[in-house]
Each structure stands twice: as structure tokens, then as C-alpha cells.
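Me: I'm new to reading protein structures. Could you walk me through some features in one of them?

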There are 2 protein chains.
Amino acid sequence: MRRLTSIGSHLSAPTKHKIVLTRDLGPDIMPMLTTRTDIELVTWPDESAPCTREWLLQNAPGAAGIIILLSMAVDDELMDAAGPNLKAVSTMSVGYEHVDVAALGKRGVRLGYTPDVLTDAVADVSIMLALMASRNDGRSLTLAKDGLWPSFTWAPFAFCGPQLSVTPERPELTVGFIGFGRISHATLRRLVPFGVTNVLYATRPGAKADPVQDAKFAETFGVKEVKRASHEELAAKSDVVFVLAPGGPETKHVINEAFLKGMKKTAVIVNAGRGTLVDSDALAKALKEGWIWGAGLDVIEGEPNVGKDHPLVQEPKCVLLPHIGSATHETRRAMASRAVRNILAGIHDQEMEAEVKTK
Amino acid sequence: MRRLTSIGSHLSAPTKHKIVLTRDLGPDIMPMLTTRTDIELVTWPDESAPCTREWLLQNAPGAAGIIILLSMAVDDELMDAAGPNLKAVSTMSVGYEHVDVAALGKRGVRLGYTPDVLTDAVADVSIMLALMASRNDGRSLTLAKDGLWPSFTWAPFAFCGPQLSVTPERPELTVGFIGFGRISHATLRRLVPFGVTNVLYATRPGAKADPVQDAKFAETFGVKEVKRASHEELAAKSDVVFVLAPGGPETKHVINEAFLKGMKKTAVIVNAGRGTLVDSDALAKALKEGWIWGAGLDVIEGEPNVGKDHPLVQEPKCVLLPHIGSATHETRRAMASRAVRNILAGIHDQEMEAEVKTK
């Protein structure tokens with residue numbers, strides 16, 4: 001075990017582990033850190049703004065642990081600034097694209113993250129977006145709040161979109177999943193009572209079909225068929241496509257012009273995974289030209305720098321939320337408390353609740 | 001059987017039944033009427049505006065059947081204008097508050113309507129509104145489309161609302177239903193995978209508790225408990241309240257200040273039934289003062305005359321949709337074709353698919 005050396009702060013002592021916290025975690029969570037006698041806590045002081053890179057680099061030296069959020073890069077420069085005392089980094093997120101895992105690995109620094117706890121919250125938003133994207137004809141979701149209802153003339157097919165639930169006219173509902181992990185499963189479970197009959201899924205390229213496992217899935221979820229499919233088949237047959245895969249270079253723009261052109265005109269696409277998976281320009285074109293009915297996005301490439309002039313902000317058939325998948329009080333408290341427990345486990349060489357192997 | 005007399009149109013003939021259609025039903029449905037040789041069809045000619053009362057009164061004389069929409073009053077005046085040939089009125093709606101049922105009854109005129117076929121579409125919107133009302137912190141649903149995302153500062157608890165799905169922190173989910181008919185059941189079925197444990201429902205005043213039936217419901221839906229409850233208990237215990245009861249004077253303002261004050265601060269209320277059930281002023285006050293978390297409305301008292309200055313349009317914690325519950329292509333086609341089949345059955349003295357007893 002490495003020993004902590006004094007790093008020049010009057011608060012530090014040989015027995016205290018310095019933890020750098022890049023954001024105040026609120027009154028429910030902070031006591032998990034502030035009431036402990038074994039740590040020296042250095043917290044970014046501004047509750048209304050994110051921690052600056054400059055502050056983080058200035059405060060990293062001597063840290064045994066750093067708790068970070070999704071927007072903060074963890075790289076060689078930060079590792080060098082922290083120095084050899086650093087034992088663990090803990091991100092309050094399920095994704096860790098912002099972390100240079102190899103840079104941590106070569107220094108023996110561990111990485112904690114917070115999967116699982118946000119599964120249900122993101123599944124809830126996935127269902128919400130599928131419904132919103134279907135029921136959004138470009139006006140229906142905003143017209144009343146814009147005060148335009150009185151001037152609107154009702155008609156038998158006004159505001160109509162495709163129906164998510166099965167109907168006697170369309171008794172089958174095929175759902176496609178790009179990525180078929182925990183969040184996809186939780187989303188599918190919630191969709192079953194809407195009448196799902198067929199499930200198609202795609203994961204990493206080259207993954208082999210496993211009909212036995214697929215048959216088990218079908219039985220577990222109570223649907224007619226679950227099947228690994230090519231992107232072409234998945235696009236062509238699905239009434240709703242959920243994009244719920246990790247980000248990173250391997251999955252960049254898996255939803256591109258070819259995929260969108262292959263979809264049904266009445267289908268909707270939901271992205272509650274990572275923005276990079278969907279080519280925004282292709283999607284804007286698909287919506288504008290009516291290749292598909294609609295889109296519901298909780299994430300988008302380049303977020304949060306997505307302003308009024310962005311083609312998908314302009315596009316009436318696109319519902320866009322500001323990455324609120326995990327934004328429930330219950331889930332964010334669970335993520336924050338897990339991030340704290342992970343960093344405490346990291347500095348004390350104990351098992352983390354959820355750890356990314358860094359080497 | 002009454003005989004149709006000539007009514008002055010060169011198209012009419014003694015063997016033809018005159019049907020007045022107050023709105024063009026679109027290319028999928030119209031052939032059900034236009035291809036028939038046994039009827040003389042008189043259709044309101046303007047596809048972009050609703051039929052006027054004046055036109056309807058002018059064209060009603062001699063009609064054997066009239067097909068109407070939700071916004072058109074059917075009363076003594078219209079019956080008198082139509083005269084003794086009128087055998088049936090068919091409304092393309094599940095509600096019939098716009099129809100003076102007694103006025104039809106005393107003339108022996110039958111009334112067709114279109115229940116059931118919209119059950120799933122309205123249940124879909126009920127789920128959507130429950131999710132939207134929970135996840136709407138007043139900014140989260142609109143911020144990105146308003147182009148404000150780039151200027152927003154993320155924080156661990158930004159955009160948070162209460163979670164619909166159960167969580168380890170809140171492992172029970174109690175759902176309350178005002179009205180417990182087909183749409184409530186369909187909504188409940190869709191909610192079960194979100195983790196519903198307890199269901200409370202209230203129907204008409206004085207209805208007796210039936211614990212045996214309730215136990216059967218609990219088994220059917222796969223939840224811990226289903227129970228008829230007082231409004232007080234339902235308000236106090238529910239995490240989500242769905243208002244899915246018929247309109248009319250008996251149910252006017254059943255959701256009032258007392259009900260809303262009795263609800264949990266973290267609860268949401270969804271109205272996809274009829275606007276008159278909820279006192280809008282009381283709800284605006286409840287949202288403004290934080291008695292409850294949020295509201296999701298598909299219907300509102302006084303609709304569609306609900307403009308920009310309406311307190312619930314102004315209220316950020318209120319999601320308001322322009323009565324799109326049944327607005328899916330599939331369901332509206334099913335409603336329109338059922339309305340047509342009902343009127344054809346009515347003029348030929350056959351059984352209607354769905355008929356309101358008028359006497």
C-alpha cells in the first residue's frame with residue numbers, strides 16, 4: 001500500500017486520504033464524505049457552475065481519489081498532476097468515454113462507475129420517448145402550451161401518428177434494439193403490455209447468433225420471437241428502434257443514412273444511449289423527407305452544444321430532451337452515493353460496487 | 001318501418017336513405033359510404049373547417065341518419081329539423097355529452113358511438129403523460145428544443161423529477177384511478193412492469209366495495225393489492241392519479257382543492273378522461289404552490305378555448321396536450337369505420353356494434 005504524504009495543506013495529515021470532489025453532491029449525499037475523519041475533502045466551491053479544468057489540475061496533487069462527472073476528461077495530464085498517491089477515480093456515470101482507461105491502467109489507478117442503478121430510469125425515458133415520437137406530428141405536443149389550441153380546427157385525422165400499441169388493424173409490434181444489455185431488457189419488459197410480438201437486436205459486429213439463448217429470452221419476456229438480426233433486417237422490420245448501446249468509436253454513426261432509409265415510413269427511432277451512435281445530419285434528412293415518422297432523442301452528438309440552429313432542434317418531427325435519462329431524484333441519489341462508496345472502497349483497497357478493469 | 005320520402009334533391013329516390021355526414025372521413029373510410037347504392041350521401045364540403053350548425057340544420061331534413069363528431073350538439077332543434085325519417089345518429093366518439101339522449105329517445109332515434117376501439121390509444125397517452133408529468137421539472141421537456149441547452153449548467157440533480165418506476169429507495173408504487181373502466185384497466189396493464197404494487201380506485205359515489213372482485217383484479221393484473229378507496233385515501237396514498245372517468249355533471253370537479261391538497265408532494269396527476277373532472281384553477285394553484293409535483297393533461301375544461309393566458313398553459317409543471325388520446329391513424333380509422341357501420345346498421349334496423357340506449 002502506498003502511503004499518503006503531506007501535500008502542504010494545513011488540513012492534511014499522514015493518516016488522511018485526500019479526495020477531490022468536482023461537484024457538491026447535495027445535502028442527502030455530502031454527509032457520506034463530510035462526516036468521515038479518515039479523509040481530507042477538497043470540493044469545487046461553486047454549486048452553480050461545473051468545476052474548471054484549471055481548478056481540478058491545481059487541486060489534484062496528492063489526491064488519493066477523485067470523484068468526477070460525465071463532462072470531465074480524465075487523462076495523462078490529470079494523472080501526472082495528481083501524482084503517485086492517486087489510487088482511484090470514481091465517475092458518477094454509467095459511461096466512461098471521458099476517461100482514458102489506459103492512462104489509469106498504466107499507473108495502477110482504479111476506476112469506479114455507476115451502472116445498473118440508472119437502468120430503470122433510462123428505461124422509463126425510453127418508453128416516454130417512443131410514445132412522444134409516435135404521437136408527435138410536429139404540432140401535437142406543443143400546440144396547446146403555445147396557446148394555439150383555440151385557433152386550431154379539429155379534423156378526424158388531425159394530430160394523428162402511428163399507434164405504439166397493437167391494434168386489430170396492425171396486430172403485430174416489432175421492436176428493434178441496437179445494443180441488448182440491461183437497459184434494453186428493462187425497456188422491453190415495459191413494452192410487452194403494449195403488445196410486442198417480435199424483438200430484433202444487434203450488438204457488436206461479428207457477434208454470433210445464439211438461437212437457444214434467443215428462445216430463452218422470448219420465453220422470459222413473453223413475446224413470440226427474440227432474434228439477433230443484421231442492421232438491415234432490424235431497420236426494415238421494426239416499428240420502433242431503440243438505440244441503447246455504449247458510445248465510442250466502434251459505435252459511431254451506426255445509425256446512418258443507409259439504416260434510416262431502410263426503416264419503415266411509419267417507424268420511430270429512440271436514442272437514449274449515446275449521441276455519437278446517430279448521424280444527426282442523416283436523421284434530420286430522414287425526418288424532413290419522411291423516410292421515417294419521428295425520432296425521440298435524449299442524447300445527441302455534440303451535446304450540450306446543440307443550439308437553436310441545429311437541424312434536429314429545427315426539425316418538428318424530432319423530440320429532443322437534454323440528456324435526462326437518469327434524472328430522477330431517486331436514481332441520481334443512488335448514483336451519487338454509489339460514486340462515493342466506490343471512491344471510499346478505492347482508497348481503502350476494498351472491493352468497489354462497480355469497477356471498470358483498467359488493466 | 002318508416003319509408004323515405006323524396007326530399008327535393010335530384011339524387012334522391014324512394015329507395016335511398018339520406019345520410020348527412022358532417023365531416024369528410026378521408027380516403028380510407030369514405031368508400032364505405034360513397035360506393036353504396038342504397039344511400040344518398042350529403043357531406044359537409046369543407047375539409048379544412050368543421051361543419052356549421054347552420055349547414056347541418058339546412059341539410060338535416062329527410063335524413064335517415066346523421067354522422068357527427070364530438071363537437072356537434074344533437075338536440076331537439078336538430079331532431080325537429082331532420083323530421084320523422086331520422087332513424088339513427090352516429091357519433092365518432094366514445095363520449096356523448098354533446099348528445100341529448102332523451103331528445104333522441106322520445107323520437108325513437110337510435111344512437112351509435114365508438115367505445116372500445118380507442119381504449120389502447122388512450123391508455124398509451126395516459127402512460128406517456130404520467131412519464132412526462134414526472135420528468136417535467138418545468139424546463140426539462142422544452143429546454144433543448146428552445147435552443148437553451150448550450151447555456152445550461154449541468155448539476156447532479158438538475159432536471160430531476162420523481163421516478164415512475166420503483167427503485168430500491170422507494171420499492172412500492174401506488175397508482176390511483178378515478179374511474180376504473182376499460183381505459184383504466186388498459187393503463188394499469190401497461191404500468192405493471194414499472195413496478196406497481198398497489199392500486200386504489202374510485203368510481204361513482206355510493207358504489208359498494210367488492211373485496212372478492214378486487215382480489216380477482218389483483219391476481220389478473222399481477223399486483224399486490226387492488227382496492228376500492230375513498231377519494232381521501234386515494235389522494236393520500238397514490239404516487240400517480242389517473243383521471244379516466246366519464247364527463248357530465250355527476251363528475252364535475254371531482255378533482256378539486258381538497259383532493260389536490262390531500263395528495264403527496266411528489267405525486268403527479270394525469271387527466272385523459274374529460275376536462276370537466278378537474279378544477280383547473282385548483283390544479284394551477286396546486287402546481288404553483290407545490291402541493292403536488294406535476295400534471296399531465298390531455299383534456300381540460302373549456303377546451304379548445306384554452307389560450308396563452310390560461311393558468312395551466314402558463315404553469316411550467318403542467319404538460320398539456322390538445323386532446324390527442326385517440327389520435328392514432330389506426331384508432332381514428334377504426335372509430336370512423338365503426339361510426340359508418342353504426343349508421344348503416346341504424347338505417348337498416350340492424351344491430352349496431354356499439355349503441356347507447358336512448359330509451
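Reply: Happy to! This is a predicted model.

Me: Which residues of helix α7 of chain A are buried?

Reply: In α7(A), which spans residues 211-221, the buried ones are Asp214(A), Phe217(A), Ala218(A) and Phe221(A). They lie on the same side of α7(A), because they cover an arc of only 100° around the axis. Exposed on the other side are Val212(A), Glu219(A) and Thr220(A).

Me: What do the buried residues of α7(A) pack against?

Reply: Their partners in chain A are α6 (182-191), β7 (198-202) and β8 (225-228).

Me: And how should I read a nonpolar core?

Reply: In soluble globular proteins, nonpolar side chains tend to be buried together. Here the largest nonpolar core has 251 residues, and those touching the most other members are Ile178(A), Ile269(A), Ile178(B) and Ile269(B). Leaving aside residues up to four places away in sequence, Ile178(A) touches, among others, Ala202(A), His231(A), Phe242(A) and Leu277(A).

Me: How do I describe two packed helices?

Reply: You give the angle between their axes and the distance between the axes. Take α5 (residues 119-135) and α6 (residues 182-191) of chain B: they pack at an angle of about 55°, with axes 8 Å apart. The two helices, α5(B) and α6(B), are therefore oblique to each other, and their crossing is right-handed. Residues making the contact include Val122(B) and Ile127(B) of α5(B), along with Ile183(B) and Leu191(B) of α6(B).

Notes. Residues numbered from 1 in each chain as written. Chains lettered and ligands numbered in written order. Predicted model: local features only at pLDDT ≥ 70, side-chain atom pairs only at ≥ 80, totals over all residues. Heavy atoms only, no water. Buried < 20%, exposed > 50% of the residue type's maximum accessible area, 1.4 Å probe, protein only. Helix = DSSP H or I, 4+ residues; strand = E, 2+ residues; numbered from the N terminus. Arc of directions from axis to C-beta. Contact = heavy atoms within 4.5 Å. Core = buried A, V, L, I, M, F, W, Y, C linked by side-chain atoms within 4.5 Å. Axes fitted to C-alpha atoms, helices over the stretch in contact; angles between N-to-C directions. Parallel < 35°, antiparallel > 145°, perpendicular 65-115°, else oblique. Left-handed = near helix turned anticlockwise from the far one by under 90°.
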